[in-house]
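This report concerns the packing and strand pairing of one protein model. The sequence and structure are shown first.

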Amino acid sequence: MLQVAAHADVIEPAELYDLCSLAREVMSGEHAVGRVIARPFDGPAGAFARTEGRRDLALDPPGRSYLDELQDGGVPVHAVGKVGELFAGAGISGTYPAPTNRRAVEETASLLDGQREGLIFTNLIETDQVFGHRKAAPACCGG
């Protein structure tokens with residue numbers, strides 16, 4: 001994985017995405033990396049904050065997945081959050097961007113209200129990004 005972070009006032013997000021797309025092209029083949037992540041941020045020094053503009057540029061999956069199998073069986077696969085990006089769109093019928101957990105839950109609820117069939121595959125980005133692997137577990141949870 002390669003992450004490229006840039007302050008939005010120094011490199012505009014559109015330019016950051018273009019740079020990461022070029023890096024994605026270069027970082028393929030025999031020594032490829034699975035994902036190139038564009039991560040814009042803003043704010044003053046000492047108080048930088050991630051924006052909602054993160055983009056994941058993933059390699060195509062190395063083979064078929066259960067998502068492909070579901071689609072082939074006529075089952076729609078709805079990707080909420082970065083799921084569609086993680087699978088490079090393979091096996092995905094529809095994508096629903098959700099840069100926050102709140103948006104992901106709202107999109108998922110909306111899909112549940114409107115769908116009678118299919119798989120809704122939701123990623124709660126903040127669960128990892130804000131509260132995840134680099135953070136200590138809260139005292140209430142054994143940390």
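The text below takes up the nonpolar cores and then an open sheet.

The model is a predicted one.

**Nonpolar cores**

The largest nonpolar core holds 8 residues: Ala6, Leu16, Tyr17, Cys20, Ala23, Val33, Val36 and Ala38. At least two residues of this core come from helix H1 (13-26), and at least two from strand S2 (35-42). H1 gives the largest share, 4 residues.

Within the largest core, Ala23 is one of the residues listed. Leaving aside residues up to four places away in sequence, Ala23 is in contact with Leu2 and Val36. Of these two partners, Val36 is itself listed in the largest core.

**Open sheet**

Three strands form an open sheet in the order S6-S5-S7, and their pairing is parallel. S6 and S7 are the edge strands, each pairing on one side only. On average, neighbouring strands of the sheet are turned by 20 degrees against each other, with direction ignored.

| Strand | Residues |
|---|---|
| S5 | residues 77-80 |
| S6 | residues 94-96 |
| S7 | residues 119-122 |

The parallel pairing of S5 with S6 runs over 3 bridges. Opposite His78 stands Gly94, a residue of S6.

Conventions
Residues numbered from 1 in each chain as written. Predicted model: local features only at pLDDT ≥ 70, side-chain atom pairs only at ≥ 80, totals over all residues. Heavy atoms only, no water. Core = buried A, V, L, I, M, F, W, Y, C linked by side-chain atoms within 4.5 Å. Buried < 20%, exposed > 50% of the residue type's maximum accessible area, 1.4 Å probe, protein only. Contact = heavy atoms within 4.5 Å. Pairing = 2+ DSSP bridges. Axes fitted to C-alpha atoms, helices over the stretch in contact; angles between N-to-C directions.
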